[in-house]
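Please read the following note alongside the coordinates.

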Amino acid sequence: MQFDDDAKLDPSQVEDVRASGPRAGGGGGGRGMMPGGCVLPVGGKGGGCLLLLVGVAALFLFQIVPTNFSGDEPQSPAPSASRAEPQGSPSGNLASRCRTGADADQSEDCRIVGTVNSIQAYWKQAFTGRGRTSYTPAKTVLFSRAVNTACGAADSSVGPFYCPRDQKVYLDLTFFDTLQRDFGAKGGPFAQAYVIAHEYGHHVQNLLGTMNRVGNDRQGATSGAVRLELQADCYAGVWAGNAVRTGFYTQPFTQADIDEALSAAAAVGDDSIQRRSQGRVVPDAFTHGTSEQREKWFSVGYKSGDPARCDTFTGGI
């Protein structure tokens, strides 16, 4: 995963709020804590989310945190005596540090900036080329431990997520250490890129209205929720297959890069997570798809390079 040293980065696409601690990430303000034990949880007093992942604690990946569907007013999170205050970012100001692809090759923060830039450059091209309404950019917010968003307050336990209300991706970089240490993923720069591209896949779904197709079909092996997540995996693969054309990379990704993404996808399959957490697989509780499905749909997107091939809502998955 080698950036073009001369590529111009746009750090304005990434907000770094790690030094300031929890703050509003968007226009809605905090509307309740999303529980640490949910991915796309059902709305209600736990927070304004969509679906519930059963049997998993501590780590939840690749989320969407939309409005509260139950109509209940979420409760504000109670202060936690055990949670330390977020520490200031040691990385300094992104605008001064992340200017070129050479910076992205030397710094994790700048690599995130470059990855976000490439992903959004691709989707801007894709929307234009297919005659759709123009692509609306979405910022990534780097936070430490906790953050307030237009979808509610969140801490790092929820993993990376996308908030449709403010159209932002939220990411605590310590998540990637947990992904590798506790879930057995290979890790590496392209595992990070896959996760970020998946979240931007949700942004694309939001712009296209695809999220509305889930409705109340929020859990189960063939549910709308699973189909939505697998499509986001496919969209991540589509970007990977086209990334070199965005001008941010010197060459197409290597098989070693792709293997990092596939390892991350396999690590967070519903069946894999359930086996680790409860020793058995319960398909009726699936919200994201199996390891095999997640690898499959990323590969479909990567090999085809065509978002039209990512129709996970038709037929079998």
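The numbered points below treat each topic in turn.

1. The model is predicted: local features need pLDDT of at least 70, side-chain atom pairs count only at pLDDT 80 or more, and totals for chains, interfaces and linings use all residues. Residues are numbered from 1 along each chain as its sequence is written, and side-chain values use heavy atoms, with hydrogens and water left out.

2. Helix α3 (residues 108-129) packs against helix α6 (residues 224-242) at an angle of about 95 degrees, the axes being 10 Å apart. The two helices are therefore roughly perpendicular (65 to 115 degrees). Axes are lines fitted to C-alpha atoms, for helices over the stretch in contact, and angles run from 0 to 180 degrees between N-to-C directions.

3. From α3, Thr115, Ser118, Ile119, Tyr122 and Trp123 meet Tyr235, Val238, Trp239 and Asn242 of α6 (contact means heavy atoms within 4.5 Å). By class, this contact has six nonpolar, three polar and no charged residues.

4. Phe176 lies in helix α4 (residues 175-183). Phe176 is buried, with a relative accessible area of 7% (buried means under 20%, with a 1.4 Å probe and protein chains only). Leaving aside residues up to four places away in sequence, Phe176 touches Leu171, Ala191, Gln192 and Val195. Gly159 is 17 residues from Phe176 in sequence and 9.3 Å from it in space, C-alpha to C-alpha.

5. Strands β4 (residues 146-149) and β5 (residues 152-155) run antiparallel and are joined by four bridges. They form a hairpin with two residues between them, and Thr149 has Gly152 in β5 as its bridge partner.

Definitions and conventions. Parallel < 35°, antiparallel > 145°, perpendicular 65-115°, else oblique. Nonpolar A, V, L, I, M, F, W, Y, C, P; charged D, E, K, R; others polar. Buried < 20%, exposed > 50% of the residue type's maximum accessible area, 1.4 Å probe, protein only. Pairing = 2+ DSSP bridges.
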